[in-house]
Amino acid sequence: MHIPDGFLSPQTYLPAYALAVGGWVYAARELRRRVDETLLPRLAVLTALAFVLMTVMLPLPGGTSVHASGIGILAVVFGPWLTFAVVSLVLLLQALVLGAGGVTVLPVNALAMGLGGSVAACLGYRLLAPRWERAGLFAAGWLAAVVPAALVAVVLGLQPVIAHTSDGQPLFFPFGLSVTLPAVLIPHAILGLGEGLLTVLVVSFLRRR
């Protein structure tokens, strides 16, 4: 669900940078407070897993993509702020090394996937896990795929309204919400089933060790 460079207007990504920088500062403080010899190896392994999952992308109509992310796993194991930091790092590496996503759109991708996805995953897990642990894990994985997709679809679909010429021609992404919402949400709702199952398997495995 990476948004590539050139799809978003400065009116979108500049305020997103201001918001994301505040989140990155808070996430760095949270990491420094919690890091120890137990957390660090798990964080490294699950960050590598997220990088691999997010690198295998299938293109979607309109220029974005569908891929697994491991965000549900990260959110349940580490919470939303460390997940935001990890996903931001993965997105930056992918932009610089692989050319996936981009630097101008980094804060939007990071906020949608790393923060929006992880907060939704944590809420879904905490709502269901006290009675149905595995259902909570599955919900975390599914929400971690669908909520960022919805946020990305809305940001893309608003571009023709945010940035256009005097005669109404879009300057950046040309399609509105009627196109972006179904094009992005439907594949991710299906992908979320696999993401939910992966979250159940990986978190259950980690807790047995």
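By relative accessible area I call a residue buried under 20%, exposed over 50% and partly exposed in between (1.4 Å probe, protein chains only).

I am working with a predicted model, where local features need pLDDT of at least 70, side-chain atom pairs count only at pLDDT 80 or more, and totals for chains, interfaces and linings use all residues. Residues are numbered from 1 along each chain as its sequence is written, and side-chain values use heavy atoms, without hydrogens and water.

**Salt bridges.** I looked for a side-chain nitrogen of Lys or Arg within 4 Å of a carboxyl oxygen of Asp or Glu, and found three salt bridges in the structure.

Glu30, Arg33 and Arg34 are linked in a salt-bridge network. Glu30 meets Arg33 at 2.8 Å, N to O, and pairs with Arg34 at 3.9 Å between the closest N and O atoms. Helices here are DSSP runs (H or I, at least four residues), numbered from the N terminus. Arg33 and Glu30 lie three residues apart in helix α1 (residues 10-34). Glu30 counts as buried because its relative accessibility is 14%, while Arg33, at 60%, is exposed.

**Between helices.** I then checked Arg207, which bridges to Glu133 with the closest N and O atoms 2.2 Å apart. Arg207 is in helix α8 (residues 177-208) and Glu133 in helix α6 (residues 133-157), so the pair ties together parts 74 residues apart in sequence. Arg207 is partly exposed at 47%, and Glu133 is partly exposed at 30%.

**Leu92.** My last stop was Leu92, in helix α4 (residues 80-98). Leu92 counts as partly exposed because its relative accessibility is 32%.

Definitions and conventions:
Helices (H or I, at least four residues) and strands (E, at least two) are DSSP runs, numbered from the N terminus.
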